[in-house]
Amino acid sequence: MRSSLCQICRVCTSLPGFLTFFITFHISKVESAQFTVVGPDQPVTAIVGEEIVLPCRLSPNMSAENMEVRWFRSEFTYYVHLYRDGTDQFEGQMPEYRTRTAFWKDGLTHGNVSLRILNIRPSDEGQYTCFVIDGITNEEAVIGLKVAAVGSNPIISVEDYQPGGIRVTCRSAEWYPEPQVLWRNAQGHHIPSLSEIKSPKANGLFETEISVVINRHPNQNLSCWVRNSLLDREKESAIYISALFFPSVNPWMVALSVILVVVLSFMILNVYLFRIKGNLQRELGWKRAVICPGLGQTAPPLEKEDVTLDPDTAHPGLDLSADGKSVRWTYRRQDLRQDLPDNLERFDTWRCVLGREGFTSGRHWWEVEVEVGERGWWAVCSWGQYEALTAPCRTRLSLRQVPSRMGVYLDCTLGRVSFLDADTKALIFTFSPALFTGGRIRPWFLVEVGEIRLRRCQ
């Protein structure tokens with residue numbers, strides 16, 4: 001570097017040498033930067049279905065006949081159009097541009113390397129690179145392409161009646177990009193829409209549907225306005241709806257509607273009260289039979305029983321207390337079953353235990369204290385004739401409030417079992433088992449989750 005500077009200084013010491021150095025330096029600078037590629041600063045706008053020319057030229061103007069001109073988008077190897085060795089090269093052209101591109105060969109001698117694209121599509125929108133190479137020198141320019149389409153005239157249709165007015169819908173298609181759509185009244189003011197849908201079709205163009213509910217008004221002129229903001233072009237359709245289309249209010253119809261509403265409400269109230277009365281009568285009848293048995297002259301007396309549990313019938317997974325007053329479900333695994341003597345009365349499948357006491361006739365009452373299990377179930381007590389039953393009667397009830405004490409009422413004469421809240425005497429459930437065929441009846445106790453404790457009647 002130092003020797004080069006010294007040589008330059010020696011040359012510059014004389015005027016002829018300085019002129020020689022200046023001319024040589026200027027020529028080498030021109031040769032190192034022979035041309036530049038120039039394109040438009042703003043994107044070019046094209047209409048769908050038409051053709052567009054993407055302008056590109058060399059500066060200064062020079063012939064590009066012996067140069068390579070490549071138009072591509074995102075990847076260099078996948079080209080939109082390629083001119084090389086004096087001809088167009090179509091072998092590696094992108095499939096979507098085949099037969100749709102043309103090169104301006106007439107202007108090549110003047111540096112015009114513009115590209116024409118036919119039958120514009122929405123997918124053509126984006127950036128294009130104009131790349132020119134001459135030997136080892138290459139330059140490029142990026143040109144933006146915007147695509148637009150003005151769709152069909154809006155079609156307005158009256159759809160149906162809606163609460164508060166009439167629903168009117170406007171439809172239009174073949175727009176690009178997504179258009180602006182709105183309703184306007186006769187004064188040109190915007191009307192809020194009920195719904196608006198804009199969706200692209202398979203060809204990339206948008207179709208739109210917008211609805212509005214209009215009320216009865218002296219002036220029912222309205223228009224549907226669709227606009228392409230890129231092209232600053234719009235289309236509009238108008239409609240006039242006569243007042244005859246709006247349903248008129250008949251005073252007699254209003255009065256009839258009010259009467260029908262009142263009559264219907266009265267009927268619903270009567271049905272509701274009738275059901276309440278029936279429930280109260282049934283509950284009162286059971287309370288009289290259970291609490292005040294003397295009111296029924298023919299009814300046998302109510303016996304308050306002190307029921308205990310029979311360990312010889314208990315399922316191996318049940319833990320009975322020594323006094324026979326409580327039972328709990330204990331084991332969770334088969335290998336933890338209690339080793340109990342096997343007999344014919346012992347339950348092996350159902351988690352049940354029988355009471356020691358048996359009844360053949362009359363009316364009987366006993367109480368059970370229930371402890372709610374970990375899953376929120378409550379134990380269900382049932383009854384039956386052991387010799388005739390193959391499985392206990394299981395009933396799970398969905399109660400808002402689980403009773404702490406449950407009373408069991410057995411009427412052998414009627415063949416009926418009832419469960420009541422022992423504190424409030426409210427009826428919980430009653431049924432007449434089909435398996436009740438008479439004979440000796442022993443209480444069943446089915447333990448699902450938790451614990452059952454028998455207590456003396458109050």
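I looked up Arg171 first: it is partly exposed, at 34% relative accessible area. My cut-offs are under 20% relative accessible area for buried, over 50% for exposed and partly exposed in between, with a 1.4 Å probe and protein chains only.

The model is predicted, so local features need pLDDT of at least 70 and side-chain atom pairs pLDDT 80 or more, while totals for chains, interfaces and linings use all residues. Residues are numbered from 1 along each chain as its sequence is written, and side-chain values use heavy atoms, with hydrogens and water left out.

**Salt bridges**

I count a salt bridge when a side-chain nitrogen of Lys or Arg is within 4 Å of a carboxyl oxygen of Asp or Glu. The structure holds 13 of them.

Arg171 pairs with Glu209, with 3.3 Å between the closest N and O atoms. Arg171 sits in strand β13 (165-175) and Glu209 in strand β17 (206-214), so the bridge ties together parts 38 residues apart in sequence. I took strands as DSSP E runs of at least two residues, and helices as H or I runs of at least four, numbered from the N terminus. Glu209 is partly exposed, at 29%.

Next I checked Glu174 and Lys201, whose side chains form a salt bridge at 2.4 Å, N to O. This pair also links distant parts of the chain: Glu174 is in β13, and Lys201 is in the loop between β16 (195-200) and β17, 27 residues apart. Glu174 has 29% relative accessible area and is partly exposed. Lys201 is partly exposed at 31%.

Glu196 and Lys198 make another salt bridge, 3.2 Å from N to O. Glu196 is partly exposed at 40%, and Lys198 is partly exposed at 27%. I also noted one network, in which Glu68, Arg70 and Arg84 are joined by salt bridges that share partners.

**Nonpolar cores**

I define a core as buried Ala, Val, Leu, Ile, Met, Phe, Trp, Tyr and Cys residues joined through side-chain atoms within 4.5 Å. The largest has 33 residues, and Trp71, Val113 and Val132 touch the most other members. Elements giving two or more residues include β5 (68-72), β10 (126-134) and β11 (137-148). The largest share, four residues, comes from β11. Domain 1 (36-148) and domain 2 (155-245) each give at least three residues; the bounds come from an automatic or database assignment.

Which residues does Val113 contact, beyond its neighbours within four places in sequence? I list Cys56, Arg57, Ala64, Val69, Trp71, Phe103, Leu108, Cys130 and Val132. Contact here is heavy atoms within 4.5 Å.

A second, separate core has 21 residues, among them Val327, Met406, Cys412 and Ile452.
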